[in-house]
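Here is a short report on selected residues, contacts and surface features. Please keep the sequence and the 3D view at hand while reading.

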Amino acid sequence: MVKIFSKNAEMQLPEKKLYKFLAAFAALGIMIPCTVIVGFISYVMTEALIEAGTPGGGMLFEMQILSAFSMIFGILVIFSILFFSSDREHFVTLPIPAHHLMMSKFIFAYVAESIMEFMILAAVFIGYLIAVGKNIGVAEAISPVAIIGSVLGVVLIPLVPMIYCAIFSLILMAALRNVKSTKIFYRLSTVFLLIFGAIFLLSLKGIGEVNMENYVESLGNGDNLMLKTLNIIFFPVPWLSDAISEGSIIKLLLYILGNVGLMVILFFTGKAFYREGLYTAASLGSSQKAKVKDGDIVMQSRFKASLLKEIKVILRTKAFSGNCAFINLIWPAGVFLLFQYAGDKGFMADFIALYQNGKDRAGMILTIAIIAISFIATALNSLASTAITREGRHIDLLKFIPVPYETQLLAKASVCVIFTLPSLILTDIIICIYMRTWFLTGILYAIYMFLAHLISVAVGMMLDSNSPYREWDDEYSALRGNLNVFFNMAIMMLLTVVTVILGIVIYDVFKLPIIMYYIVVFLMLAVAARIMLSVAPKRIAENMDNL
């Protein structure tokens with residue numbers, strides 16, 4: 001059953017050289033650098049905590065943070081796969097016990113959702129073991145218990161939060177038996193996020209000045225509220241940490257038994273509730289049917305109708321609204337928190353001082369950051385790179401509805417601008433206020449953001465129209481299983497690297513003034529945007545004809 005679910009769960013890599021190159025670049029430019037950075041953080045935290053006598057504290061904290069994020073973002077995925085995948089009606093009629101079906105879907109979801117986390121966890125353990133080998137001894141780092149525990153941790157750390165998500169799903173669907181709406185459930189991920197966010201903020205209380213050194217010290221002292229709370233929720237993880245850091249076979253066996261025990265609980269919970277939950281899922285929303293009245297039908301322009309359709313699909317679909325629309329708010333919020341709490345100390349204070357003193361290198365770095373935010377924010381929300389994929393199995397309708405391709409494409413591009421550009425402009429305003437930039441410089445940065453956003457939108461829509469992911473089971477699959485999202489991110493990171501290299505060449509090689517860098521960057525973005533806006537519509541229309 002697991003093999004069946006895995007066979008067509010992800011978009012297959014198109015047999016084209018461009019996509020193979022993008023896959024290689026994405027692996028080398030995104031996945032590997034992320035794991036290296038995580039490994040370095042684990043190494044540094046372990047070295048700091050060795051002095052406090054708790055070498056496993058940093059590793060434990062990272063494992064618990066990953067567990068928390070797995071639970072926050074896994075709850076809706078598990079819910080969707082267990083109860084709302086399109087194959088539900090086919091499998092429930094087969095002579096297969098419902099709880100066997102549930103366990104197969106769970107294992108498939110666990111593996112599919114944890115691949116990147118496996119790599120990050122491997123980096124966490126490698127960073128820890130290197131630090132231990134350097135500061136305590138190689139024998140401790142490569143002891144059989146440490147090696148076996150690290151391997152088990154890579155595979156099993158994401159399991160506990162996913163089990164919790166599945167149990168929540170099963171119990172809540174049983175409770176929803178007489179409720180004809182899933183809104184209660186869909187808000188659970190937000191509730192979990194708020195709970196863990198509140199615990200994190202409380203963990204800052206009492207550590208003095210908010211910085212990494214004090215936070216790491218609270219981990220070493222055992223006074224960190226967030227770590228204490230997560231140790232209770234994800235109770236097997238401290239056993240694994242102790243097993244690796246102390247070489248304890250008993251703790252390692254306890255960790256294994258804890259995971260096995262939770263799997264047994266999930267199995268019997270599924271046996272008790274899954275079949276009834278499937279019946280509940282089939283009946284949700286069926287008690288009321290919307291009635292179309294004459295007044296509900298209005299005449300609109302084809303562009304306005306297409307645009308409203310795109311906006312309604314995004315806002316009314318939980319997966320799209322959260323991952324495509326509201327995710328854009330993290331940029332102004334993140335930048336505000338960065339300047340508000342770190343702007344007067346450390347690197348940020350030094351950088352702001354350099355910029356305000358007119359240092360050209362600071363201006364170059366800020367320009368690169370502005371452009372990088374625009375590229376990555378547009379690629380991250382996946383509005384453009386799922387523009388065609390969102391149609392799913394109804395893609396052919398794009399050909400036959402009485403609306404020209406140009407109008408449909410303009411509506412899809414416009415919705416990207418509507419949901420993304422305001423957040424980018426707000427981010428620019430926040431940066432300019434804290435950096436105290438000139439008004440005209442802020443306007444220039446906004447132009448950079450707009451041009452970079454247009455380039456990213458055009459690239460994303462071209463990729464998605466060339467090889468859209470059509471056979472997805474649910475909206476989360478359309479996002480997480482769509483390789484075009486990943487490739488668009490890879491291209492945007494490549495363009496960011498080009499911008500960085502250009503700045504280095506202008507500033508360090510040719511020794512040109514910063515004004516020349518501003519001019520060259522503007523011309524580069526303007527020309528690239530102009531070319532993309534000329535080429536992309538024609539290319540996308542051709543791809544749609546060939547769908």
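Ile72 sits in helix α3, residues 57–83. The model is predicted. Ile72 has a relative accessible area of 6%, so it counts as buried.

Lys105 belongs to helix α5, residues 98–135. Its relative accessibility is 3%, which means that Lys105 is buried too.

## An exposed isoleucine

Ile250 is part of helix α14, residues 249–283. Its relative accessibility is 62%, over the 50% cut-off, so Ile250 is exposed. Leu240 is 10 residues away along the chain, and the two C-alpha atoms are 10.0 Å apart.

## Nonpolar surface patch

A nonpolar patch lies on the surface, with about 1200 Å² of accessible area together. Its members are Phe439, Leu440, Ile443, Ile447, Val509, Phe510, Leu512, Ile515, Met516, Ile519, Phe522 and Leu523. Two or more residues come from each of α22 (439–466) and α25 (514–545).

Helix α25 supplies the largest share, five residues. Ile515 is located in α25. At 48% relative accessibility, Ile515 is partly exposed.

## Aromatic pairs

The count of aromatic pairs is 10. In one of them, the ring centres of Phe235 and Trp239 are 5.7 Å apart and the planes stand at 80 degrees, so the pair is edge-to-face. Phe235 is partly exposed at 32%. Trp239 is partly exposed at 26%.

Phe339 and Tyr434 make a stacked pair, 5.1 Å between centres and 10 degrees between planes. Phe339 is in helix α17 (residues 330–342) and Tyr434 in helix α21 (residues 405–435), so this pair ties together parts 95 residues apart in sequence. Phe339 is buried, with 8% relative accessibility. Tyr434 is partly exposed, at 24%. Elsewhere, ring pairs join Phe79, Phe83 and Tyr274 into a cluster.

## Salt bridges

The structure has six salt bridges. In one of them, Glu391 meets Lys309 at 2.5 Å, N to O. Glu391 lies in the loop between α19 (360–380) and α20 (397–400), while Lys309 lies in helix α15 (residues 302–316), so the bridge ties together parts 82 residues apart in sequence. What is the burial state of Glu391 at 13% relative accessibility? Glu391 is buried, because 13% is under the 20% cut-off. Lys309 is partly exposed, at 33%.

Arg390 and Glu310 form another bridge, at 3.1 Å, N to O. Here again distant parts of the chain are linked: Arg390 is in the loop between α19 and α20, Glu310 is in helix α15, and they are 80 residues apart. Both Arg390 and Glu310 are buried.

## One network

Glu391 also forms a salt bridge with Lys412, at 2.8 Å, N to O. This pair links the loop between α19 and α20 with helix α21, its residues lying 21 apart. Glu391 and Lys412 are both buried.

Which residues do salt bridges with shared partners join into one network? They are Lys309, Glu310, Arg390, Glu391 and Lys412.

Notes. Residues numbered from 1 in each chain as written. Predicted model: local features only at pLDDT ≥ 70, side-chain atom pairs only at ≥ 80, totals over all residues. Heavy atoms only, no water. Helix = DSSP H or I, 4+ residues; strand = E, 2+ residues; numbered from the N terminus. Buried < 20%, exposed > 50% of the residue type's maximum accessible area, 1.4 Å probe, protein only. Patch = residues over 30% accessible without salt bridge, like charges linked within 9 Å, V, L, I, M, F, W, Y side chains within 5 Å. Areas by Shrake-Rupley, 256 points an atom, 1.4 Å probe, with all protein chains shown as cover. Salt bridge = Lys/Arg side-chain N within 4 Å of Asp/Glu carboxyl O. Phe/Tyr/Trp six-rings, centres within 6.5 Å; stacked < 30°, edge-to-face > 60°.
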